[in-house]
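Subject: Handover of a structure

Dear colleague,

Please find below the structure that I am handing over to you. My findings follow it.

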Amino acid sequence: MTTTVLGADVLGTPTTTYRAGLIGSGIRTSASPALHETEAAAHGIRARFALLDLDELGHGVEVLEALLRETRRAGWQGVTVTHPAKQTIMPLLDEVSADAAAIGAVNTVVFDRGRAIGHNTDWSGHARSLRTLLPGGLCEADLRSVVVVGAGGAGSAVGHALLTTGVAHLSVVDVDVRRASALATALQQRHPERTVRAAGPGDLPFLLADASGVVNASPVGMTGHEGRPVPSTALRPDLWVNDIVYRPRRTCLLAAAERAGCRVLGGGPMVALQAADGFALLTGLRADPDRMLATFEATQP
């Protein structure tokens, strides 16, 4: 028996030119609807971007196939994807981009002539935010040696972004050293011209003493996951610090880094710029990154 998950009130009508939505759990406060609908309005497009919250729907990832089928049949341009579906959705797709396959996660699915094609814009959003918005700019010295904390899906996308941007030496740190080792091995295979190694949290003071930058790609510091992913004593003025957590906007790590005199970049720009890349994939239109950054700033507490 085929399961029907979404009603007509969610799927919308064909009179709406751009229809898409976000699949995930606990996403009620997501910035995605404002980012996509505001950008669509700037292009003169009627849009509806829905939140398909698995928790509120009363289902888990077992309904992903049904969600793809129902939204595609309703004429949606596609969906965006977040936790816990970024990996689980991949086998359900007809095609996956090279970057998404390399990262092992999909965050945007485009419906194109009956096919569901997966992409990953987390890495491109992070790379662009770092290149264009790190205070003082990003120079060659900043790419000499970088530490990324967190070896999950976000860590994989950030690691791919950093190595693609030109980081020469990357250290992957995770509380689960085996997971860090697995990601470091995968990244090294994808980027043989770089040096990638794995480590545990206890190695952070040593690693940061020789690093030019550090990125927190773990949930530590997020609302509900209080803590500091990096010891404050390891921060110094010539170290740049990026925390991809965006709730709260000013995490404990960013506050400590500012006090230490570091150049800092929060997680908001990555969110806005990955959404800009996703909007372009879903609509075929170029999103204005400055406008989407402004929308994020205006709509997020």
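**Overall architecture**

The chain's secondary structure consists of twelve helices and twelve strands; helices (H or I, at least four residues) and strands (E, at least two) are DSSP runs, numbered from the N terminus. The chain is as compact as a globular protein of its length, because its radius of gyration is 19 Å, close to the 19 Å that the globule rule gives for 301 residues. That radius is taken over C-alpha atoms, and the globule rule is 2.2 Å times the number of residues to the power 0.38.

Please note that this is a predicted model, in which local features need pLDDT of at least 70 and side-chain atom pairs count only at pLDDT 80 or more, while totals for chains, interfaces and linings use all residues. Residues are numbered from 1 along each chain as its sequence is written, and side-chain values use heavy atoms, with hydrogens and water left out.

The C-alpha trace spans about 55 × 35 × 35 Å along its principal axes. Of the 301 residues in the chain, 52% are buried; buried means under 20% relative accessible area, exposed over 50%, and partly exposed in between (1.4 Å probe, protein chains only). Among contacts (heavy atoms within 4.5 Å) between residues at least 6 apart in sequence, 70% join residues at least 24 apart.

**Cysteines**

How many disulfides does the chain have? The count is zero, where a disulfide is a pair of cysteine sulfur atoms within 2.5 Å. For cysteine 252, the closest cysteine sulfur is that of cysteine 262, 15 Å away, which is too far for a bond. The sulfur of cysteine 262 in turn has its closest cysteine sulfur in cysteine 139, at 15 Å, again too far for a bond. Cysteine 252 counts as partly exposed because its relative accessibility is 41%, whereas cysteine 262 is buried, with a relative accessible area of 9%.

**Two local regions**

Helix α4 covers residues 64-73, and its buried residues include Leu64, Leu67 and Leu68.

Aspartate 288 is found in the loop between α11 (268-283) and α12 (289-299). Is this residue buried or partly exposed? Aspartate 288 is partly exposed, with a relative accessible area of 26%. Between aspartate 288 and leucine 187 there are 101 residues in sequence and 31 Å in space, C-alpha to C-alpha.
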